[in-house]
Amino acid sequence: MAEEAFANDINSIDTHSLRPLDAQWDQICGQLKTEFGVTAFDSWLKPLTVGDLNNGEMNICAPTAFMKNWVVAHYADRIHKIWEQKNPDVKKVTFVVQARHADTSLLKKVSSTPTPQNIYGCNINSSSFGLVSGASLANDTVKNNAINNAAPLNPNYTFENFVVGKTNEFAYAAARKVAEAKNVSFNPLFLYSSVGLGKTHLMQSIIWHIKKNDPNRNVIYLTAEQFVYKFVKALRYKDTQAFKEQFRSVDVLMVDDFQFMGNKGTTQEEFFHTFSSLVEEGKQVIISADKSPTDLEGIEERLKSRLVGGLVVDIMPTDFDLRMGILHKKAELMGIELPSKVAEFLAQKITSNVRELEGSLKRVAAHSQLLSGKEITLDMTQDVLKDMLRSIDRKTTIDEIQKKVAEHFNISVKELQSSRRARTVARPRQVAMYLAKQLTSRSLPEIGRKFDRDHTTVMHAVRKVEELIIEDPTLAENIEILRRTLEN
Ligand code: ADP
Ligand code: MG
């Protein structure tokens, strides 16, 4: 979704008012964002600007030396390749430091997104809680701004408000155990699930529980992205000692959305040492991610193997009963009357994740309140949610795409998913990957998993098919037929 939105942004830029090089860079940025993900892009690539092109040498400016070095180490090759493809005049790409008035890019990112999912430490009025950064980044206004703007922990994310069902009972029990335990029983606790299934809710429930029952325990809760951000700042201000001390002196370290820990490198190394030292000292570490430790991409092996050393639990997609339970709980919290028929309808239709389910309930509730407390009915629900429901009804799945593509090319779905490289199988496979990217909102790694491949293979397939569509009208026509069948 974010990728699409970004692509639209890029498309809507009035390229005529830009230098051609800037316009090309904007397009390249679109591609980099897709390839490396929003987080990495925003942190490292967005702050870059293009300089001049002289005798085939393209200058790319980074605001600080640290950022330049990081980009050179992690992204330079790829940026170089894409430039070459985009503009044959570019023979060499050089990264230079060009300070701007202030490096506020990271600041903006943190402070302008104070959503509950993006908390900069916990904003709890207790010195022993949250990101007690004290002296660490002194005279650093970035830190102060971010903290002042930080969203508080969500007061609704408590164990009491978490509805337990078959698919999440184990995760719930583990989270409760960790919150209640005086002694560490498993370390780390690693929670994973796909998006919107309650990881952050459980993480914050643990904090609320500790805050209430054991307020002297020193807890740090932050997202991996914030960990990276803080570490990078500490490096930049040569303040890593304070950083280390701060993180290694906690009783409980909680890192949400660990998949954003960034690629292998200094930050991961730092995290590895912090982690090891805490575990050795018997301090609790709790981590959440969208994948199991073994499936995490870009994470060092030794770190992965430490992550599986405690208790790894997943939250599975919800079943109907759990969705019903959640709807009733949320309705109760919102103080609205939710007829069973409407709840059943929503629980049947909106199955993807709890966040969407809750979102639809909020929309219906808001509508009813705007109409001065008009009763919530099935008709009204269908009317308010019609766009959303239409898109759900139309939603094409990767399974369906695989089935249709296999049929169309006269091969089996098994062959499509196999490792065979024969052209008769490989080409349809690339087409299926391409269609999956086009017709579903699944990410590259998710698509890859359905084909037992990694995201780079999918990326390659998508590019390949894009080229072939131009070169090979027969294939283009086949793809168009498939697309139409799948969209109906
Ligand atoms: P994740 O961190 O896994 O992406 P969140 O914890 O942000 O998901 O959950 C998304 C929304 O769904 C939150 O508003 C949360 O309260 C709600 N939610 C998820 N699972 C449950 C549950 N079992 N009971 C109550 N609310 C839930
Ligand atoms: Mg979350």
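Biologist: What makes the pairing of the side chains of Q284 and N187 a polar contact?

Modeller: In this predicted model, the side chains of Q284 and N187 are joined at 3.3 Å, and because a polar contact requires a pair of N or O atoms within 3.5 Å, the pair qualifies.

Biologist: Why is Q284 called buried?

Modeller: Q284, which has its place in strand β7 (residues 284-289), has a relative accessibility of 4%; buried means under 20%, and therefore Q284 counts as buried.

Biologist: Why does R78 count as buried?

Modeller: R78 belongs to helix α5 (residues 76-86), and its relative accessibility is 18%; since the limit for buried is under 20%, R78 is counted as buried.

Biologist: What contact does the side chain of R78 make?

Modeller: The side chain of R78 makes a polar contact with the side chain of E35 at 2.6 Å, a value to be set against the cut-off of within 3.5 Å.

Biologist: Turning to ligand 1, which residues come nearest to it?

Modeller: There are 19 residues around ligand 1, and of these V163, G196, K199, H201 and E358 come nearest.

Biologist: Which polar atoms of the protein lie by a nitrogen or an oxygen atom of ligand 1?

Modeller: Among them are a backbone N or O atom of V163, 2.8 Å from a nitrogen atom of the ligand, and a polar side-chain atom of N168, 3.2 Å from a nitrogen atom of ligand 1. For G198, a backbone N or O atom lies 3.1 Å from an oxygen atom of ligand 1.

Biologist: How much of the accessible area of ligand 1 does the protein cover?

Modeller: On its own, ligand 1 has 560 Å² of accessible area, and the protein covers 97% of it. The elements giving two or more residues to the shell are α9 (199-213), α14 (320-334) and α16 (354-370).

Biologist: What is the shell made of by class, and which domains does it draw on?

Modeller: The shell around ligand 1 has seven nonpolar, eight polar and four charged residues, and it draws at least three residues from each of domain 2 (127-314) and domain 3 (320-394).

Biologist: Finally, how do you know that helix α21 reaches close to its expected span?

Modeller: Helix α21 (residues 423-439) has 17 residues and reaches 24 Å from its first C-alpha to its last, close to the 24 Å expected at 1.5 Å a residue.

Biologist: And what makes α21 mostly covered?

Modeller: Of the 17 residues of α21, 14 are buried, each falling under 20% relative accessible area, and on that count the helix is described as mostly covered.

Note on methods
Residues are numbered from 1 along each chain as its sequence is written. Chains are lettered from A and ligands numbered from 1 in the order in which they are written. This is a predicted model: local features need pLDDT of at least 70, side-chain atom pairs count only at pLDDT 80 or more; totals for chains, interfaces and linings use all residues. Side-chain values use heavy atoms; hydrogens and water are left out. Helices (H or I, at least four residues) and strands (E, at least two) are DSSP runs, numbered from the N terminus. The expected span of a helix is 1.5 Å times one less than its number of residues. Buried means under 20% relative accessible area, exposed over 50%, partly exposed in between (1.4 Å probe, protein chains only). A residue is near a molecule or strand if one of its heavy atoms lies within 4 Å of it. A polar contact is a pair of N or O atoms within 3.5 Å; within protein, one must be able to donate a hydrogen and the other to accept it, and residues adjacent in sequence count only if both atoms are side-chain atoms. Accessible areas come from the Shrake-Rupley method with a 1.4 Å probe; for residues, only the protein chains shown count as cover. Ala, Val, Leu, Ile, Met, Phe, Trp, Tyr, Cys and Pro count as nonpolar, Asp, Glu, Lys and Arg as charged, and the others, Gly among them, as polar. Domain bounds come from an automatic or database domain assignment.
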